[in-house]
Amino acid sequence: MLEADFKYVIDTFFALFSMVLIIFMVPGFAMLEAGLVRTKNVTSVLTINVMIYAVASLAFLLIGYNLAFGSWENSNMSVWAAFLFQMAFVGKTINIMSGGVSERVKIVPLALFAIVMGAIIYPIVVNISWGADMIAGTFLDMNMHDLAGSTVIHSTGGWALLAAIIIIGSRKGRYAGDKIKVIPASNIPLVVLGTFLLWIGWFGFNGGSIGSISTIENADAVAKTIMNTNTAGLSGAIIAGILMYFRYKLFDITMILNGALGGLVAITAGPELYNMYTPILIGVIGGALVVFAVPVFDKLKLDDPVGALSVHLVNGIWGTLAVGIFVESISFIEQLKGVAVVAVFAFSVSFIVLYVINKFVKFRAEDDAQQEGMDVNECGVEAYPEFKRAI
Amino acid sequence: MLEADFKYVIDTFFALFSMVLIIFMVPGFAMLEAGLVRTKNVTSVLTINVMIYAVASLAFLLIGYNLAFGSWENSNMSVWAAFLFQMAFVGKTINIMSGGVSERVKIVPLALFAIVMGAIIYPIVVNISWGADMIAGTFLDMNMHDLAGSTVIHSTGGWALLAAIIIIGSRKGRYAGDKIKVIPASNIPLVVLGTFLLWIGWFGFNGGSIGSISTIENADAVAKTIMNTNTAGLSGAIIAGILMYFRYKLFDITMILNGALGGLVAITAGPELYNMYTPILIGVIGGALVVFAVPVFDKLKLDDPVGALSVHLVNGIWGTLAVGIFVESISFIEQLKGVAVVAVFAFSVSFIVLYVINKFVKFRAEDDAQQEGMDVNECGVEAYPEFKRAI
Amino acid sequence: MLEADFKYVIDTFFALFSMVLIIFMVPGFAMLEAGLVRTKNVTSVLTINVMIYAVASLAFLLIGYNLAFGSWENSNMSVWAAFLFQMAFVGKTINIMSGGVSERVKIVPLALFAIVMGAIIYPIVVNISWGADMIAGTFLDMNMHDLAGSTVIHSTGGWALLAAIIIIGSRKGRYAGDKIKVIPASNIPLVVLGTFLLWIGWFGFNGGSIGSISTIENADAVAKTIMNTNTAGLSGAIIAGILMYFRYKLFDITMILNGALGGLVAITAGPELYNMYTPILIGVIGGALVVFAVPVFDKLKLDDPVGALSVHLVNGIWGTLAVGIFVESISFIEQLKGVAVVAVFAFSVSFIVLYVINKFVKFRAEDDAQQEGMDVNECGVEAYPEFKRAI
């Protein structure tokens, strides 16, 4: 057997393995968000998760993949495996965005946006950051190091979310003057389950982004990437726990889990480049950023029921810059430029697309519908029809 | 290292990887069904899922595998891995069947049937369709193409279910004259979680059925199989969503998920044979078939709380025939013959076995027990004892 | 490509695959325990699961791995993969322990114990049993065969739990004179989901412990290990179901699942050494031991809400001895010695550490806090705030 054949087989297998882990993030996001919203909006959130995964993936199959990578060809592994791995990424950007506008967003316009995201917006971001760079080319001359998408995935989703929150507004009754109504999560086990499915998916996300496991160097890089990814998640969880405990003498599990996710987002730009200790620092800062950012966004009345801005946008930026800070061979300026270019592009294009869709099909549910719950109004199916409500 | 050794190692690893994905279908079916039934029957459904997986797998170990494949030998991978991969399939046929008789079936007779299914019925279907074909041999001369079991697994389970519904009857109070009592699902997050675990398991089911990943051709076939499998699932979900929305202006999540499952069942007969666009059509028809079949079975008073007949039986047939329609090299007549042979065999043998078991141990719970709930009567354990019931 | 390179790549990939499966045990334990406790303690149990995984894993990264294995070096696979595989084990010992003191234990002291466990106690057990054996060396001269830790993981966790129960005491109101208050599990679907995630994780645990899949012999050993592991789980579930049915005419799902787990623990010491039938016997005895041990521990007023003593301690011992009974080449005396050495070490050191921590930070929550629920007192977050309580 030729060495090239061996590599092709192993790297195809490895891409499929990684892709499967990432697909666990689909139920991961679904469970996380279903657990964080009120019972009257659970079915709606779940339906959104299913539908946007479906339409965005199909849009990427039909249009987006070609736009991002220029062709359906690949030499070092099966092109179908390469596609599947990339496709598994697509839904994430919209998941990030959809979660943050939960409890007042309608399904149809969101699905329309997901199609545009999967067919055009995300593929262009990939193209200028990772891809053939046919679109911006020498004009932008991007040199950002972003292994698995702190910026390309998480910030892109975060910027789209910010645009969406501005256009859609906050949930009815969330802010009254300076008062913020606390809306508790309805199902904590689902939040925990969802977070760990995401965490496991991250191993595929970041490990798989090395792109090959078929040489000793690559095998080491994959393993180190997964180890560092995990370390940052652990550290984010611990710091969030400590901060909550020192402030409130209580371990707020939703904040601890968002701290873990913050650490995971932050490490994603360069997990293969760090030694085994730096990810602790990156995760600690990432987790702390979540704890501090959540109340800031609330002060700004940017209503985000799942904390997605703090987790994905703030830490997407932090993680990308961190590579420029901690890794000597990486230019901080190039990292900053990458963050800025994607910010301008993702925010403005998302805003325009959301704005245009909103002209035809309103994203925001009426106050009455929000009051009654999105499930009854959008799905006709209650999440837990037999459980009597206490509140 | 010899090339043969390399292939043996890689294909064993790949079979184990695929098998693990399929085992995720065990909690997948369990969560899906637990979410779809009423809270008073949740523990019973879960217990059934655990017990039939256990007894059917053990029966396959002790008797079935040998009957299906003729010997405990294998040359291109570890025979233990080959067994595990096949064993992972067995429980599915009974899962399909047990879900459809939920909320009125008793555990002991179902476990007895599961033993017969795992030891004899399913192995014979495998033998005549995929296996050594020692049993029917030249008499039947089966030439059906059914990669991962649209017919062998899904229709077989579906026919057994049809036989079971005829023998066991509908749930108490489900049909009164021409009226159909709507019984809502009790826990939608579990339904979504279960569906995605099944979806992920399908990658192992179909991808693993290629049987090898250790050459460039096989690696391509595996990756393409997984891609096409996923595409059909996406398409089934989307069409079901669209149809529900145009009819009711509501996104019924349970129908959307059953649409996805319908697409997945339909693609299963030949995912490696299609180009990247055909699975869209197969999934669209598969998802639409579910939407139209569900009310038809209800009109026929075939009470199936989880929609298993529509998902597995209808789409098992559709998927098998589709290979004969869309792939030039495959004979439609042979596909039809395969569907018919398995139909006759699986339905009639299941019917006889169910009938005989039913003579000794009644499958159907008494009306009182159904009213009170199967959990209290069969398990002594309520699923959610602390949650107050609204209905 | 050199054969050594091939092995390095494949075995690294296989270790990562195994590690990912084991990490599914983190949500596995979390869901299992969250389902078994009362709703007022669910968030607390989940928070404990997250925090102890985080701190113990980080302690193992910073201190424990070096203590267990003597160096950060490895020649037959990536050291980072070797670390990840071992790290995935660490949290299990504390998971076993933390589950058994649920519903009255406080988070801070438990997290402190988890750090000591991950940094020192568990690494020493590994060192004397599996590792460089620098610590006890020729003095102990351990020759126990314990492939994946019936003793090293499960008994160690079990002994730590026994020490913890003695120090912390039983839940308020659990025992009044000779009466035992039955406290039902609050969420059965979570119990089932958690058990199957553990079950799947076990394939990685035991299969991965072969340490290599890159030769025909090793590939066979891995596949056989996974098959035998599964068989023991199936058998444990079946015997527990049968015993419960003959005694109570009811299928108690929690006992059936604990029977499965008992079988899985018991097979863990030597799954690669048995033929394909012996695991049935090992699982049957393991499952039966759980059924008989649970009431015994209750008679001894050792309050263990999740049955961890019966599952992990009793079957950890049984499984380790079973290797000496059923495998000719293994010395029963050496197995017994291994069990005894780990028993003395793990129990006494855990007891001392728990005792010392308890002097500074009490493990046990006040009666009032137990009455009100750990969630409100420790986390400030209710698990299901919207569901009205029936009890």
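I looked up A:E103 and found it buried, at 4% relative accessibility. Buried means under 20% relative accessible area, exposed over 50%, and partly exposed in between (1.4 Å probe, protein chains only). A:E103 sits in the loop between helix 4 (79–100) and helix 5 (107–129) of chain A. I noted its positive phi of about 75°, although A:E103 is not a glycine. Helices here are DSSP runs (H or I, at least four residues), numbered from the N terminus.

I noted that this is a predicted model: local features need pLDDT of at least 70, side-chain atom pairs count only at pLDDT 80 or more, and totals for chains, interfaces and linings use all residues. Residues are numbered from 1 along each chain as its sequence is written, chains are lettered from A and ligands numbered from 1 in the order in which they are written, and side-chain values use heavy atoms, without hydrogens and water.

Next I checked chain C. C:E103 has a positive phi of about 75°. C:E103 counts as buried, at 3% relative accessibility.

Then I turned to helix 9 of chain A. A:K249 follows helix 9, with a positive phi near 55°.

Last, I compared copies. A rotation of 120° with 0.0 Å of shift along its axis superposes chain C on chain B (RMSD 0.0 Å). The two copies are thus related as by a three-fold rotation axis. I superposed by least squares on C-alpha atoms of residues with pLDDT of at least 70 in both. In chain C, C:K388 comes closest to the axis, at 3.2 Å (C-alpha).

Note on methods:
Helix = DSSP H or I, 4+ residues; strand = E, 2+ residues; numbered from the N terminus.
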